[in-house]
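Please read it with the structure open.

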Amino acid sequence: MTLPKRAASLLLLVLAIAGAQACPFASMVQGGDVEAVGRKLLQATCNVAALDRTNQASPPAGPPTQTAVDVAVRNVAKQIIFFSTDRNAPGVGGAGAPNRNVRHGALLRQAFHDCGTYVKTARTGGCNGSLRTAGETGAAVNRNIVSTVALVQRYRQLINAEINRRIAAKQLPAGTQISYADVFQLTGAAAVVATGGPANLFDRVEMGRVDWATRTDDVSQLPDRNLGFTALSCRFLSMGFTLRDMVALSAAHTLGAVNGRAMTPTPQTFDASDYFQLVSRGTAAFRTDNALTDSRTAQLVQRWSNSANRGEMLAAFADAYIKMGRMNAMWRSYPQPAEYVRA
Ligand code: HEM
């Protein structure tokens with residue numbers, strides 16, 4: 001290694017360690033992540049205000065159409081994902097009645113991890129089902145969702161088996177199938193609904209994403225927990241989100257746990273106000289959460305930490321979630337002769 005290179009590595013390391021120490025969950029930073037953290041801290045530059053304005057003006061487009069077949073397929077998926085009694089793929093539970101044997105947080109997180117690899121400038125990554133590939137499930141950042149990726153695969157088998165039954169009964173057109181990418185978005189939404197989040201989220205999930213056959217996306221694009229406000233914003237804005245979307249999506253950390261430790265007092269309830277209260281006190285799980293108290297987003301954090309504004313917060317989360325599901329998605333239409341579809 002040349003001298004300047006060695007000096008740069010040292011600087012990266014120092015920055016990374018400084019970042020890790022500022023984080024209340026510092027002990028959870030894995031050794032292997034340290035240099036990557038430093039690299040991302042250094043890369044953190046963009047014009048936050050300008051990008052925010054541009055993204056507000058031009059949100060990502062959804063699928064060209066949603067057909068009756070799309071709706072029928074989503075309804076098949078709904079029965080299975082919420083209420084399946086399969087031993088290997090239990091349903092997530094009805095609205096406000098989560099099945100305690102299912103890790104709802106992990107299901108929501110993987111909806112993000114399938115899409116959050118998106119790099120707009122390169123048109124790579126995004127919601128393409130690639131989270132199922134060994135290249136992604138084997139990555140350190142996904143080590144705690146491997147079992148829920150397997151659960152999604154089982155849900156998908158059950159959904160496609162039911163679709164095949166309906167094709168045989170001439171209730172759905174031949175060739176209809178659900179993609180992994182759609183099931184990742186649907187299971188994340190179901191986890192939110194079952195734990196008391198926005199009730200209509202599942203029915204709003206758009207259908208028809210195409211899976212990449214084999215490609216593995218660059219998981220290092222997923223935001224690191226030790227990013228500061230600017231680096232975090234640059235990453236979200238560069239995917240096409242707004243700052244409001246970023247704050248709203250961060251509320252996902254109201255669910256679930258890290259290393260067995262709940263991130264909020266009610267980890268099985270989608271109660272975003274308790275998450276935002278932790279953020280405003282600077283005691284949420286990650287540096288990225290606590291960074292949301294930056295002056296550009298502090299007002300939102302303040303509003304959403306008050307449960308009186310719960311409706312507004314849930315609506316913002318739902319809108320941002322739908323936008324997330326569009327990130328670089330390639331859409332196809334199911335075959336759709338109307339006479340095959342029963343209500
Ligand atoms: C803002 C940038 C984000 C960062 C830096 C981040 C980072 C993390 C990390 C490090 C964990 C702990 C994983 C573990 O070791 O078990 C986690 C958990 C989680 N994340 Fe994020 N995340 C971010 C955004 C999101 C988004 C946008 C969503 C979904 C919309 C999400 C959903 C979740 C959920 C639900 C959990 C709990 C998982 C469980 O219970 O197993 N996160 N996140």
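1. Cys-115 and Cys-127 are joined by a disulfide, with 2.1 Å from S to S; a disulfide here is a pair of cysteine sulfur atoms within 2.5 Å. The angle about the S-S bond of this link is 120 degrees, and the link is right-handed. Cys-115 sits in helix H5 (residues 104–115) and Cys-127 in the loop between H5 and helix H6 (134–137), so the bond ties together parts 12 residues apart in sequence. Helices are DSSP runs (H or I, at least four residues), numbered from the N terminus.

2. The model is predicted: local features need pLDDT of at least 70, side-chain atom pairs count only at pLDDT 80 or more, and totals for chains, interfaces and linings use all residues. Residues are numbered from 1 along each chain as its sequence is written, and side-chain values use heavy atoms, with hydrogens and water left out.

3. Are the two cysteines of this pair, Cys-115 and Cys-127, buried or exposed? Cys-115 is buried at 1% relative accessible area, and Cys-127 is buried at 0%. Buried means under 20% relative accessible area, exposed over 50%, and partly exposed in between (1.4 Å probe, protein chains only).

4. The count is two disulfides. The other bond links Cys-46 to Cys-234, S to S 2.2 Å. Its torsion about the S-S bond is about -95 degrees, so this disulfide is left-handed. Cys-46 lies in the loop between helix H2 (34–42) and helix H3 (48–57), and Cys-234 in helix H10 (residues 229–239), so parts 188 residues apart in sequence are tied together.

5. Cys-46 is partly exposed at 29% relative accessible area, whereas Cys-234 counts as buried at 10%.

6. With the bonded cysteines numbered in sequence order, the pairing reads 1-4, 2-3.

How values were computed: Helices (H or I, at least four residues) and strands (E, at least two) are DSSP runs, numbered from the N terminus.
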